[in-house]
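Subject: the structure, plus some notes

Hi,

Here is the structure I promised to pass on. Have a look at it first, then read my notes below.

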Amino acid sequence: MGSDQTAGPESVDFAKRLAAENAAKAASHAHHSDDAHEDHEHSKAGTGMLALGALGVVYGDIGTSPLYSLKETFTEKSHPMLVDNINVYGVCSLAFWALLIIISVKYLFLVMRADNRGEGGILALTALVMPKRGSTTAKAGLLVGLGVFGTALLYGDGIITPAISVLSAVEGLGEVSSSFDSWVIPIAVVILLGLFFVQSRGTGAVGKVFGPIMIIWFLILAVLGLSKVWSEPGIIASVNPYYAVQYFTHETSRAFLSLGSIFLVVTGGEALYADMGHFGRKPITVGWYAIVLPALLLNYWGQGAFLLQNPEAIESVFFRMAPEPLLLPLVILATCATIIASQALISGVFSLTAQAVQLDYLPRIQIRHTSSSHSGQIYVPLVNWALMIACIGLVLGFRTASNLAAAYGIAVTMTMVITTLIFFRVITDRWNWSRTRGFIICVPLVLIEMGFLGANVIKIPHGGWFALAVGAILMVQMQTWRRGRILVAARIHRGERPIEDVLDEAEGIKRVTGTAVFMFKDLGKAPPALVNNLRHNKVLHNTTLIVAVDTADEPRVSAEDRATVKKVAPGVFQVEVSFGFMEDPDVPKVLAAIVHPGLEYDPEDVTYFLGHESIIAGKAPGMNPLQEHLFVFLNRGADSASRFFNLPTERVFEVGSRVEI
């Protein structure tokens, strides 16, 4: 959890317990039932409409890859490729098989079946393999560590994608007129500023036009490609893997290094999985096979066919395919498409941040919900402005899409490899498949992705370091926060006493009107705020609730499983409230909805007692000095627990204490 007074090792135990329960359920029926349930739920809204929505959100990133992927494959400064028949056919063949194997097979057919109650993404996948009781902590730590690192890397992707997408589109103005060359960077910066400034309004209203715009975009991709394939139909033969093999035997070393750029055709793969909860697997699959895949293949084949006849056009092959009178409208449409692609990544980072806060890997920060009907539509101010500064910094620092392409790819390839490794544990532990079957499926995927990763390694000195630096910094921050929270909880909980013993000693103490809610993680123990209230004020409220809030390892918790109540003494109740890691914890709303014998109170007459710890770096064992100071810094910047739990600030009373770590 993200609250000072409710964190601790118990959150891990609770997640373990839920993971064990979910694993037992998974063993009793096939995972396909979850898919059927998810598809049935989404079918109510209409698969067609959901598929349309998916075009605007899910496929924005991969849909704008034709702007730069083939171009970068041939023009990469460290290993430029000759534009000849062997290389063009080979690149088109690799693009075809990459889309087929990585997107169609891995994500749509396999990984998206590993949903966490309908939600996807590497953090949700990691929650699926939370250790059961009795599991070795080394294996659990490695899996969780991989998941956290993959999550951190996606932040780097979220920074680079808006910058490279917008730049690559605006650079098309140079094809309209050379006088626009000096305006490319200012226009890109203005677009990015506008994009981030409208985030606070939410994506609900804008989202309605995303789908139609992307339909136009994909149709244009298909028409442009088909117009060139028509004059060079032989390019379709590149579906034969023979051409990919010939490509590698022609110029082996350069061909291998070019994989780093060819990989750009599938960079939106993780977005498919991460955004699954918004649309469902079936609508996303329908959109892919009905529109996206045919349009992408036709455009890549069209670019290949055009290059065979015009090899000198490689510097701007996408825009050169368009008739000159339609060039400016195409640049405008491409810019709209890249803005939509950027929006999808920005929204994904917002959702990722909310999940990380709920799972206690990031400090509490302000998270605003921008829609009353769609809980996934959120706005995170701190993350938004940080992304804006970073994106504009990248545009000003790298200046061209080609330079930025060197920074792009390594973070995504690493995340894809990590996803495959964790997926292996899901199919063997959750789906009860044999290890042999798991190896047959996952080893080929890992080998392919490791090939892409190896080719991207050479990009590290030329810009790839940026994504790795972002991932490393966030990885250290997330692990430090998690470790520090556990240590703080251990320090606070020393000397705790059972609630029954404390209440027995308070027998006969004066009762006052009203209701007191003590937020405290340890059910069965007396909250320090309650003990201090009894010791110093000598009073106990007529109705006293000791509330523990846990984050489940599932995205959402049903209403009937939301809260459990236990009476421990006259007028004193223990309440355990559970939220999914995708939900906004609203404690007053949950408490007001509880129906339990003997528990009656006025929700408007409640005082909330919170523990507030002042953390200082000391000599206590558990963390190295640098991590201690980092944790203290992060703790000071954390959002207030009252806001995190949606408590009415005018009725919150904080009890402070000093904790040394």
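How many residues does helix α6 have, and how far does it reach from its first C-alpha to its last? Helix α6 covers residues 85–110, so to speak 26 residues, and spans 35 Å between those end C-alphas, close to the 38 Å expected at 1.5 Å a residue. That expected span is 1.5 Å times one less than the number of residues in the helix. Helices (H or I, at least four residues) and strands (E, at least two) are DSSP runs, numbered from the N terminus.

Before going further, some housekeeping. This is a predicted model, where local features need pLDDT of at least 70 and side-chain atom pairs count only at pLDDT 80 or more, while totals for chains, interfaces and linings use all residues. Residues are numbered from 1 along each chain as its sequence is written, and side-chain values use heavy atoms, with hydrogens and water left out.

Back to α6. This helix has a kink of about 30°, centred on S104; the bend at a residue is the angle between axes fitted to the seven residues ending there and the seven starting there. α6 is also mostly covered, with 19 of its 26 residues buried. Buried means under 20% relative accessible area, exposed means over 50%, and partly exposed is in between (1.4 Å probe, protein chains only).

Next, the empty space inside. Rolling a probe the size of a water molecule over the atoms shows where empty space is left. A cavity here is a set of points, on a 1 Å grid over the protein atoms alone, where a 1.4 Å probe fits but cannot get out; lining residues have an atom within 4 Å of a point. Grid points are joined across faces, edges and corners, and a volume is the space filled by probe spheres set on the points. The count comes to one cavity of 30 Å³ or more, and the largest cavity holds about 270 Å³ of space. Its lining has 22 residues, and L154, A271, A274, G348 and V349 lie nearest the centre. Two or more lining residues come from each of α7 (122–128), α8 (137–170), α14 (269–274) and α18 (327–358). α18 gives the largest share, seven residues. By type, the lining divides into 11 nonpolar, seven polar and four charged residues. Ala, Val, Leu, Ile, Met, Phe, Trp, Tyr, Cys and Pro count as nonpolar, Asp, Glu, Lys and Arg as charged, and the others, Gly among them, as polar.

Some pairs to find on screen:

- E76 sits in the loop between α5 (69–75) and α6. E76 and A406 are 330 residues apart in sequence but 8.5 Å apart in space, C-alpha to C-alpha.
- L293 belongs to helix α16 (residues 281–309) and counts as buried because its relative accessible area is 12%. From L293 to I103 is 190 residues in sequence and 9.5 Å in space, C-alpha to C-alpha.
- L382 is in helix α19 (residues 381–398). Buried or exposed? L382 is exposed, because its relative accessible area is 56%.

Lastly, a look at phi. Most residues other than glycine have a negative phi. R399, in the loop between α19 and α20 (401–405), has a positive phi near 70°. N432, in the loop between α21 (410–430) and α22 (435–457), has a positive phi near 60°.

Happy exploring!

Note on methods:
1 Å grid on protein atoms, 1.4 Å probe; cavity = no way out; pocket = protein on both sides within 12 Å on 5 of 7 lines; lining within 4 Å.
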